[in-house]
Amino acid sequence: MTDLRTPPVSDGDLFSERARQYALEKPLQRIHILEAGCGWGEGLDLGDHDHQVTGVDVESPELRARTCERADLDSWHLGDLRTVPMPPRAYDVVHASYLIERVPHAELVLDRFVAALKPGGLLLVHLRDRNTAFGFLDRHLPRWMHASGRRRRARAGRSPRGAHARVPHPEPAPDPEPEPADESGDVLVAPQPATAPSPDAPSPDAPDPADPAEARAEPRRPEPRKAEPRKAEPRKGIEHRAGRGRAAHPPPAVYDRVASRQGMQWYCVMRGLVVAEEYTSRQAIDALGAGTGLADVLCRLVSALSRGRLTADHSEITLVIRKPENRFARVI
């Protein structure tokens, strides 16, 4: 029996807890995790249990930059999720958060995830429900009004994983200082340091012995040069370094038919998968409203206009799905 209510903890903690419980059932085995949507969000926390993480996601410059910065991935592949490498029955856990609703041909992508799972493995899915008032607004409102609904948590104390994630970013070299110019626009050439004079060479400030006036005059002393204050110029590359590590935005949502509560239930029945846990949440609505309640009012209005067909009670669903050990098993 599925449990349809608000999850007791955040989705990241819930999925990590279920993955750790799965790992405890196999104490002598390395857990292989497929992080689907590695360019957006955070991975699972298995603690000290031996595990290996492989990431897959669609190809885009922003998602690639975010994937390269992740330190918890041992390997990753970006491209069409219908063709990227996913060996059959190779992974114990497939973690797909905020992915199913934003990829085309989502049912075929899910088929690849299920085929890549070992018998008895876990499919952890979190997605926005297209059959909700928020899903309707997310498909029709402009892009600037969309909210991610995803709160990324910084995980401290986790050791880096993957050699590609430990490559340091080269710092851009500072631009050379422009040469000073006078009022006429001519460039003033700074005096170059002269080489050390030989001991036999006469000093330029020494008086000429052939000129008696010069011999009687005191030696000339060099006048001290006043250092002009230099104006601080902004260094290029500061904005680039400040933006490093900035959260990547996922591609626009597509919302295939399977990207809904009813669609996922139908899919699990047809593929013989067991829905162990099912929860609903309002993360996207709360994130879009930002405490003003405007998003909730809009969702209630859309729900009323649709006569309840598009619910305003939730915006996302969380599913803990298990692949049966017996491939002929079916959910009754």
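This is a predicted model: local features need pLDDT of at least 70, side-chain atom pairs count only at pLDDT 80 or more; totals for chains, interfaces and linings use all residues.
Local features need pLDDT of at least 70 and side-chain atom pairs pLDDT 80 or more, while totals for chains, interfaces and linings use all residues. Residues are numbered from 1 along each chain as its sequence is written, and side-chain values use heavy atoms, with hydrogens and water left out.

**Cysteines**

The structure has zero disulfides. A disulfide is a pair of cysteine sulfur atoms within 2.5 Å. For Cys 38, the closest cysteine sulfur is that of Cys 68, 9.4 Å away and too far for a bond. Cys 38 is buried, at 0% relative accessible area. Cys 299 is also buried, at 0%. Here buried means under 20% relative accessible area, exposed over 50%, and partly exposed in between (1.4 Å probe, protein chains only).

Helices (H or I, at least four residues) and strands (E, at least two) are DSSP runs, numbered from the N terminus. Helix 3 spans residues 106–116. Its buried residues are Ala 106, Val 109, Leu 110, Phe 113, Val 114 and Ala 116.

Val 58 sits in the loop between strand 3 (51–57) and helix 2 (61–69). Val 58 is buried, at 19% relative accessibility. Val 103 is 45 residues from Val 58 in sequence, with 8.2 Å between their C-alpha atoms.

**Salt bridges**

A salt bridge is a side-chain nitrogen of Lys or Arg within 4 Å of a carboxyl oxygen of Asp or Glu. The count is 16. The table gives examples.

| Salt bridge | N to O distance |
|---|---|
| Arg 30 and Asp 50 | 3.1 Å |
| Asp 72 and Arg 70 | 2.7 Å |
| Arg 300 and Asp 296 | 3.6 Å |

Arg 30 and Asp 50 form a salt bridge. Arg 30 lies in the loop between helix 1 (11–25) and strand 2, and Asp 50 in the loop between strand 2 and strand 3, so the pair ties together parts 20 residues apart in sequence. Arg 30 is partly exposed at 41%, and Asp 50 is partly exposed at 42%.

Asp 72 is buried at 12%. Arg 70 is buried at 2%.

Arg 300 and Asp 296 are four residues apart in helix 9 (residues 294–305), about one helical turn. Arg 300 is partly exposed at 41%, as is Asp 296 at 23%.
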